[in-house]
Amino acid sequence: MVESNLLFSIPVMIVQVAVALTVGLLGWAYLAIKPPPLKICGSPGGPPVTSPGIQPSDGRHLAYKEKGVPKEEAQYKIIAVHGYDSSKDLDLPVSQELIEELRIYFLFFDRAGYGESDPYPERLAGASLVVPSVNYWWRGIPANILREALNTLLGQDQWTFRIAHYAPWLFNWWMTQKWFPSLSMIAGNMAVFCDPDLEILKELSKKPNVGQEKIRQQGMYESLFRDIVVAYGNWEFGPLDLTNPFPENEVGDFYCSEMKNWMRRRNFFNCENDRRGYIFHEIGMFREAAAVLGVGVLLWAFQAIRPPPPKICGSKGGPKVTSSRIKLSDGRHLAYNVRGVPKENAKYKVIVVHGFDSSKHIYLPLSQELIDELGIFIVTYDRAGYGDSDPNPKRSVKSEAFDVEELADQIQLGQKFYVLGVSIGTHTTWACLKFIPHRHLFDHFLSLYQPEKCFHQNRNSSSCFQTIVRRLAGAALIVPAINFWWPSFPSELCESEYKKQPKKDQWKLRIAHYVPGLLYWWMTQKWFSSCSIMARDPIIFNKRDFEILKKMLQFPNPNEHKIRQQGEYESLFKDLMVGFGSWEFDPMELENPFPHNEGAVQLWQGHEDKLVPVELQRFVVKKLPWINYHEVPDGGHMIIHDNGLCESIFKALLLKQKPTVM
């Protein structure tokens, strides 16, 4: 039995899926953490250069701006270094009177990556003299003081600085992800400012900030993000290692005097205790780094596997509803289309279930003459998540049968109708054979006297009566997709046919069956090809398929763009998860739904179908001899769209006529 085979193969598959997940996550992580390309000023597509500049020895461009008295006449020459998210155009509130009185010459410049100065990937650490930022990993400062200082910050800033220090390669992702707040200053969190700061900001808001739009014009990574990475990374020196640069007091300097005071205070610490403190400090910081990395990986994985919300038709921001729809008992809408003779005049009523990446506008090349001659009324509909039909979060093989049942009820098809399913849409047909025909009149009386036990929930007694007495008149399965995990398949046959599938489809099916939660990631990642059908890989078509496709191109579907309009996850990907997941039943254990020959089940298969293994199809009909099997010798997967074959399929289903065209 296949169960034993799968039990042995599950560990291997788990390892394979784990490897694929790891590789995929690494690839996804690489894309997430990789900074965007630079927009260097003066380069093709980059911002223009509008400021004077110099060229340092490494060839970069450094933009500057002068202010004050002419430098030839200046008594004092000051180079002003702007801070975070600023530029050479910063507004330094020094009055013109003071500038002229002291004869000051100012030189402002855009630091690397800011404004019009070229980025510097090998940028070194530095320190600002005005409200200097503190690196919480400076060597020489007691561990307990560093930790206490870090803990006084907002939680979002603590995480930001930890990532900048321990995992700078994660920093671009952290600053651009939308799940958690990152740096308070960028987020506009005013809690970081004291009352005097807020007063200053209020005054500044009254003045236009010249050049503000140029600050980040070369990209946030090379300006704002790299600033944080440099400031809170590993410095080439520790500020406490500095010696007084003005030993003769030739310049009075606040920074140096404060450092000397700090050095004196530093001597009060017991060296042995301090050494122990550093040991615990490093252990704690290692734990923090591990936590940062762990959280980052989890967030990557969560974002990678989490599908986007569906764009439900008729909702705010969603596509417009352009089709006739019914409202199902669970509140969803099901869109449908009708063609053929008027319903009240029809002799045969057929519900057609479309296949993968298709819709209610499925191409069925039936001649109008045949439709009129036989009196056929055809209903096509968008399965859940496709076209204009609402997604079904609880979609399953069984739920698809009940969608068909309710559709037949609400558009009043009468007591008998046919169901024709195509490709992966045949899981709906199998479910109809399982759940719709097996209703008995006794169940109707049970629903009348014990309505809480009505077979189909959320319905009143009247609708239960209508459903219970309805039966299928017949069913057709056209190139029905095979679920390799149906329990009745022999292990050797199943495994050999499975290995004939393209490698990318093998992976797709494994993931859809074993770890459906990863399917969205697998189908959207760009590192490995994931699905031959979505890629329109020529390998899946045979010669006759190509001829059919050529004819189909003469009748383009104007509604093709609507197939996936609510999202690929709720339509295509859910199809794979349902069709190749664990079914509520094994189709090969079905009983004949038409024991008195009151109806028939047809199964059509192309001998050269490269998507559905013909050998497995033959095994299915051998297990279910009551199915009328038709194998098209040179047929591929597109046989329903062949003019002659399509009419033969309908005649065989409705008239029980032996096919004349194969």
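In which loop does Asn 597 lie? Asn 597 lies in the loop between helix H20 (569-579) and strand S11 (600-606). Helices (H or I, at least four residues) and strands (E, at least two) are DSSP runs, numbered from the N terminus. The model is predicted: local features need pLDDT of at least 70, side-chain atom pairs count only at pLDDT 80 or more, and totals for chains, interfaces and linings use all residues. Residues are numbered from 1 along each chain as its sequence is written, and side-chain values use heavy atoms, leaving out hydrogens and water.

Asn 597 is not a glycine, yet has a positive phi of about 65°. Asn 597 is exposed, with a relative accessible area of 55%. Here exposed means over 50% relative accessible area, buried under 20%, and partly exposed in between (1.4 Å probe, protein chains only). Asp 85, also not a glycine, has a positive phi of about 55°. Asp 85 sits in the loop between strand S3 (76-81) and helix H2 (96-102). Asp 85 is partly exposed, at 21% relative accessible area. Most residues other than glycine have a negative phi.

Strand S7 (residues 348-353) is largely enclosed by the rest of the structure, because six of its six residues are buried. Tyr 348, Val 350 and Val 352 point one way from S7; Lys 349, Ile 351 and Val 353 point the other way. In a regular strand the side chains alternate between the two faces of the sheet.

S7 runs parallel to strand S8 (residues 376-381), joined by six bridges. Strands pair if DSSP finds at least two bridges between them. Lys 349 has Phe 377 as its bridge partner in S8. S7 also pairs with strand S9 (residues 416-422), in the parallel sense, over four bridges. Val 419 in S9 is the bridge partner of Ile 351.
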